[in-house]
Amino acid sequence: MHELSMADAMVKTVLDVAEKNDATEIIEVTIEVGKLTMLNPEQLKFLLDVLVENTLLEGADINIVELPVELNCNLCEYTGLADMDDSDHYLAIVKCPECGERNVEITAGRECNVKNIKIEKEEGDEDA
C-alpha cells in the first residue's frame, strides 16, 4: 500500500511549509491526485486523517481533488481528455476518444501534488 508513504510525505511537506511560514494553525489543504497515480483517494484520506493526529494539521479541512487523464494521440493528433474504457484506475487502459487507438502520450493524470495550504498566522489568514 503506497498510500501510506505518500500520505506521510504529504503531511511532512505541509507541516514543513506551515513551520517555514510561522503558521499558528493550518485551516485547509488541497491535494491533487491524478487518476493514474494508483492512489485510492478514500484510503489516502483515511491515512491522512490518522497521520495528522497531534500535529498542527489536526482539524484542518483536507480536500482531495482527483484529476482526469489527458492525452495527445500520436495517430489522429487529438488533444484532450482520455477515454478510460470504464477501466479501474489500478489497471487503466487509456484510449483516444477520437480514433480509439492506444498509441497516446499521457500529458496529465499521473501527478500527486499538495496544491494549496491555507494557514493562519498571528497577523491573520495567509495562503502559503
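Select helix α1 (residues 3–20) and helix α2 (residues 41–51): they pack at an angle of about 50°, and their axes lie 9 Å apart. That makes α1 oblique to α2, a word kept for angles that are not under 35 degrees (roughly parallel), over 145 (roughly antiparallel) or 65 to 115 (roughly perpendicular). Axes are lines fitted to C-alpha atoms, for helices over the stretch in contact, with angles from 0 to 180 degrees between N-to-C directions. Helices (H or I, at least four residues) and strands (E, at least two) are DSSP runs numbered from the N terminus.

This is a predicted model, in which local features need pLDDT of at least 70 and side-chain atom pairs count only at pLDDT 80 or more, while totals for chains, interfaces and linings use all residues. Residues are numbered from 1 along each chain as its sequence is written, and side-chain values use heavy atoms, with hydrogens and water left out.

Next, show the side chains of E3, L4, A7, D8, M10 and V11 in α1, then Q43, L44, L47, L48 and L51 in α2; these make the contact (heavy atoms within 4.5 Å).

Stay on α1 and pick D8 and K12. Both lie in this helix, four residues apart, about one turn. D8 forms a salt bridge with K12, with the closest N and O atoms 3.0 Å apart (the term needs a side-chain nitrogen of Lys or Arg within 4 Å of a carboxyl oxygen of Asp or Glu). The structure holds three salt bridges.

Now move to the open sheet, where three strands stand in the order β4-β3-β5 with antiparallel pairing (two strands pair if DSSP finds at least two bridges between them). β4 (79–81) and β5 (104–108) are at the edges with a single partner strand each, so one side of each has no neighbour in the sheet. Finally, select β3 (residues 70–73), joined to β4 by three bridges. E70 has L81 of β4 as its bridge partner.
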